[in-house]
Amino acid sequence: MKIKELYQENQPQISFEVFPPKKESDAETIMASLDQMTALKPAFISVTYGAGGSGNSGKTTEIASAIKNKFGVESLAHLTAITAKKETIAATLQDLKAHQIDNIMALRGDIPVDFTGDPNGDFLYAKDLIAYIKEQGDFCVGAACYPEGHIDCADLQANYDHLLQKQQAGADFFVSQLFFDNQQFYRFYEEARKHGVTAPLIAGIMPILGKSQVQRMIFTCGVSLPSRIIRILHQYENDPESLRQAGIEYACEQIEDLYRHGIHQIHVYSMNKPHIAQAAKTKFDQLTK
């Protein structure tokens, strides 16, 4: 099934994201997590193109195939433009098709931490990769959007121009970068529509699990912190378990507020943790009854 079909009727949908394990020994762990997550019957599960720019992309197709062909849930395989050559992308697309994977998340991506070759590939931006994928076959293509603007883009107006260019290149839907302040998403959603973006805009939610994670998000993604998040971090600074629980509760409150504001498509960055997916799905099911 093409993911874009899930959003044509504007029905409430929740989906999850996982990433390939960094170590081969963790393969059984991710499969056990998928067993639990797929049992929750999400709209789809996306698989990133290697954890943290690690370049462990070989497992993306394998995991995406397991999600669809073993567990019976639609999958969305990430594919990045950075450093990529057309022949490599073409081969990857053929491999994805051979595994019955119809949905691709096309991103610019980050240079892998262990990459030593020429960083200049055949695709400068995500929009270039989107257009190429569309030329190569009948794929449904998702793309990223940035409620607070991309960290490398100083001009917020350009943020919407780039979004529209991705749509014009063939993006069928957008999944947002994480955000902790829902007002940022509401403003972004309204402006995107004013700029001619008509494709579905799916809200991406990630619970805070620790102070170092939040610091990393601030500097790598440029997300802002509401005062309540700062208070949570301060209150549970020396109580990691309570901090994780408070972070999940805050994410669930975000989902509820989004839903009550008419945002009924949610994508949860699960960090491969079934209990995060379970908490989000439980809250979502309560809202959709």
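Buried means under 20% relative accessible area, exposed over 50% and partly exposed in between, with a 1.4 Å probe and protein chains only. This is a predicted model, in which local features need pLDDT of at least 70 and side-chain atom pairs count only at pLDDT 80 or more, while totals for chains, interfaces and linings use all residues. Residues are numbered from 1 along each chain as its sequence is written, and side-chain values use heavy atoms, with hydrogens and water left out.

**Figure 1. Valine 18 in strand S1.** Valine 18 belongs to strand S1, residues 13-18; strands (E, at least two residues) and helices (H or I, at least four) are DSSP runs numbered from the N terminus. With a relative accessible area of 1%, valine 18 is buried. Contact means heavy atoms within 4.5 Å. Not counting residues up to four places away in sequence, valine 18 touches Ile30, Leu34, Met37, Ile45, Ser46, Val47, Thr48, Ile63, Ser270 and Asn272.

**Figure 2. Histidine 267 in strand S8.** Strand S8 spans residues 265-269 and contains histidine 267. Histidine 267 has a relative accessible area of 1% and is buried. Its side chain is joined to that of serine 46 by a polar contact of 3.2 Å. A polar contact is a pair of N or O atoms within 3.5 Å; within protein, one must be able to donate a hydrogen and the other to accept it, and residues adjacent in sequence count only if both atoms are side-chain atoms. Leaving aside neighbours within four places in sequence, the residues in contact with histidine 267 include Ser15, Phe16 and Glu17, as well as Phe44 and Ser46. Val175, Ile202, Ala203, Gly204 and Ile205 are also among the contacts of histidine 267. Ser46 is likewise one of the residues touched by valine 18.

Figure 3. Most residues other than glycine have a negative phi. Asparagine 272 is not a glycine, yet has a positive phi of about 65°. It lies in the loop between S8 and helix H11, residues 274-288. Asparagine 272 is buried, with a relative accessible area of 16%, and is among the residues that valine 18 touches. Glutamine 100, also not a glycine, has a positive phi of about 60°. The loop that holds glutamine 100 runs between helix H4 (86-98) and strand S4 (103-107). Glutamine 100 counts as partly exposed, at 42% relative accessibility.

**Figure 4. Leucine 287 in helix H11.** Helix H11 includes leucine 287, which is buried at a relative accessible area of 12%. Leucine 287 and tyrosine 259 are 28 residues apart along the chain, and their C-alpha atoms are separated by 7.5 Å. Leucine 287 is in contact with Ile255, Glu256, Tyr259 and Arg260, leaving aside its neighbours within four places in sequence.

**Figure 5. Alanine 131 and glutamate 135 in helix H5.** Alanine 131 is found in helix H5, residues 126-136, and glutamate 135 is found in helix H5 too. Alanine 131 is partly exposed, with a relative accessible area of 26%, whereas glutamate 135 counts as exposed at 61%.

**Figure 6. The protein chain around the close-up sites.** The secondary structure comes to 11 helices and 8 strands. The radius of gyration is 18 Å, close to the 19 Å that the globule rule gives for 289 residues, so the protein chain is as compact as a globular protein of that length. This radius is taken over C-alpha atoms, and the globule rule is 2.2 Å times the number of residues to the power 0.38. Of the 289 residues, 54% count as buried. Among contacts between residues at least 6 apart in sequence, 79% join residues at least 24 apart. The C-alpha atoms fill a box of roughly 50 × 45 × 40 Å along the principal axes.
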